[in-house]
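I opened my notebook beside the model and wrote down what I looked up, entry by entry.

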Amino acid sequence: MATKPKIRELLDESACAHNKTKTAGCNKTVPGATTGGCAFEGSQISLFPYADAAHLVHGPITCVGASWETRLTRTSWQGRDMTQMGFTTGISTNDVVFGGEEKLRQSIDYIVGHYAPQAVFVYSTCVTAMIGDDIDAVCRQAQQDHGIPMVPVHAPGFVGGKNLGSRLAGEAVLTHLIGTLEPEETTPFDINLIGDYNVTGDMWQYAPLLKELGIRILSTLSGDGRVARIRTAHRAHLNVLVCAKSLISLPRKLKEKYGIPFISVSFYGKRDTSASILAIAEGLGDADLIARTKQLIAREEARLEERLAPYREIFRGKKAVLNTGGNKSWSIASALQDLGIEVVATSVKKSTQVDKEKARKYLGEKGVLMTNPGAEQAKIIDQTGADLLLAGGRSLYTAIKKKIAFADVNQEKKKSYGGYEGLLNLAEDLKNALENPVFKNVARRAPWEK
């Protein structure tokens with residue numbers, strides 16, 4: 001039986017509050033939307049942090065070339081990190097004519113025989129979806145042959161953008177992994193983290209605080225994740241959705257199927273980190289845990305304020321324009337405000353409806369929500385007199401032309417900005433950017449041009 005998810009249902013997520021007003025569904029695909037990241041890319045981003053699983057792209061080699069190793073998703077897995085291996089079936093013109101299922105079977109056999117993964121994620125792509133390869137049937141047979149989970153991921157690029165791809169990845173995990181294994185033990189404070197991919201070690205900034213409180217992370221989707229743990233996710237007492245409304249379908253369905261409540265949190269900035277830790281404690285419903293959590297938050301905030309003191313004067317009166325995607329449109333804005341920096345504009349081009357609402361909440365009515373940041377950001381820098389541009393690498397040239405400081409906050413960044421420690425990292429990077437003379441000198445006109 002095929003296990004393809006229904007795209008229309010995923011776009012009309014009932015857990016999103018805005019859908020009750022009969023507005024458009026989440027991130028409805030429009031022509032050109034996938035140029036900013038397709039569904040296939042979104043599904044890979046969501047599942048790639050499972051370093052103990054092989055990630056096999058069933059399609060032309062160019063699909064893996066464009067998406068492989070694009071994020072620094074750190075892992076503590078002691079075995080071979082298979083996110084560093086670019087597996088593809090390398091579909092060619094001949095396979096388009098005669099079908100690529102046999103090549104997929106051979107590829108799975110080769111990977112299992114040579115790399116012994118805990119599972120194999122098989123990603124369909126535009127080409128193999130259009131020629132009709134039955135990856136469900138191949139995966140079923142391979143699972144019987146090898147005795148490990150084979151997970152078909154139906155997220156060909158043409159079905160939509162990255163956010164939809166994340167939901168499709170969640171559907172694959174829900175259908176093929178969750179509930180297929182019992183944990184060796186359970187505790188009253190077991191939680192699942194959903195939507196934190198541990199990019200640059202973000203998850204490791206706050207996980208030790210949860211551990212100190214006695215809160216156990218039973219499984220993750222998928223930062224520093226393990227296949228065996230996500231299979232036991234149905235035994236958690238709380239699902240914690242981290243900065244990822246694109247995955248909201250998964251905790252909603254886990255609540256319906258297993259009765260697990262869920263909350264949505266963010267770990268960027270002081271206010272949101274404190275609120276998130278407390279929300280987790282309250283979600284678990286233990287009075288003693290809540291009291292201990294409040295004490296821990298007071299201790300950590302006091303320690304953080306003491307270390308942030310030297311940066312306060314540097315950031316006083318500074319304005320920033322933020323051009324990034326998804327949940328970062330508001331979560332990074334919140335962190336900047338915690339540092340005393342005014343955020344005058346943020347990009348919501350790739351954000352969900354809920355992300356847009358949160359961005360408006362953080363920036364206020366005067367803040368600009370950019371829907372076409374490539375064309376808008378330079379003009380807004382001029383109009384507001386912004387001192388900082390935080391964006392991806394392609395926007396560096398805008399900062400140079402406007403002679404203002406620049407910081408890369410997209411997936412190419414090398415430091416974590418998550419949790420209390422991450423806010424200190426962000427403060428240090430912004431201080432260095434503001435004090436770097438290159439941004440004032442690099443666009444200086446040559447003497448003969450004056």
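Entry on two helices. I looked up how helix α12 lies against helix α18 (residues 419-435), and I found that their axes come within 9 Å and cross at roughly 170°, where axes are lines fitted to C-alpha atoms, for helices over the stretch in contact, and angles run from 0 to 180 degrees between N-to-C directions. α12 and α18 are therefore roughly antiparallel to each other, a term for angles over 145 degrees, while under 35 degrees counts as roughly parallel, 65 to 115 as roughly perpendicular and the rest as oblique. I noted that Lys270, Thr273, Ser274 and Ile277 of α12 meet Gly419, Tyr420 and Leu423 of α18, with contact meaning heavy atoms within 4.5 Å. Sorted by class, the contact of α12 with α18 has three nonpolar, three polar and one charged residues; Ala, Val, Leu, Ile, Met, Phe, Trp, Tyr, Cys and Pro count as nonpolar, Asp, Glu, Lys and Arg as charged, and the others, Gly among them, as polar.

Entry on sources. I am reading a predicted model, in which local features need pLDDT of at least 70 and side-chain atom pairs count only at pLDDT 80 or more, while totals for chains, interfaces and linings use all residues. Residues are numbered from 1 along each chain as its sequence is written, and side-chain values use heavy atoms, with hydrogens and water left out.

Entry on α12 itself. This helix covers residues 270-284, and its 15 residues reach 22 Å from the first C-alpha to the last, close to the 21 Å expected at 1.5 Å a residue, the expected span being 1.5 Å times one less than the number of residues. Helices (H or I, at least four residues) and strands (E, at least two) are DSSP runs, numbered from the N terminus. Which residues of α12 are buried? I listed Lys270, Asp272, Thr273, Ser274, Ser276, Ile277, Ile280, Ala281 and Leu284, with buried meaning under 20% relative accessible area, exposed over 50% and partly exposed in between (1.4 Å probe, protein chains only). Just after α12, Gly285 takes a positive phi of about 75°.

Entry on the other partner. α12 also packs with helix α13 (residues 287-315), at an angle of about 170° and with the axes 9 Å apart. That makes α12 roughly antiparallel to α13. Among the residues that make this contact are Ile277, Leu278 and Ala281 of α12 and Leu289, Ile290 and Ile297 of α13. The residues of the contact of α12 with α13 divide into eight nonpolar, two polar and five charged.

Entry on Gly418. I found Gly418 in the loop between β13 (405-408) and α18, and with a relative accessible area of 2% Gly418 is buried. Leaving out residues up to four places away in sequence, Gly418 touches Asp202, Gln205, Phe267, Tyr268 and Leu423.

Entry on Arg229. Arg229 is found in helix α10 (residues 227-230), and at 45% relative accessibility Arg229 counts as partly exposed. Arg229 and Pro183 are 46 residues apart in sequence and 7.6 Å apart in space, C-alpha to C-alpha.

Entry on α8. Why do I call helix α8 largely enclosed by the rest of the structure? Twelve of the 15 residues of α8 are buried, so α8 is largely enclosed, and I wrote down Leu164, Arg167 and Glu171 as being among those buried residues.
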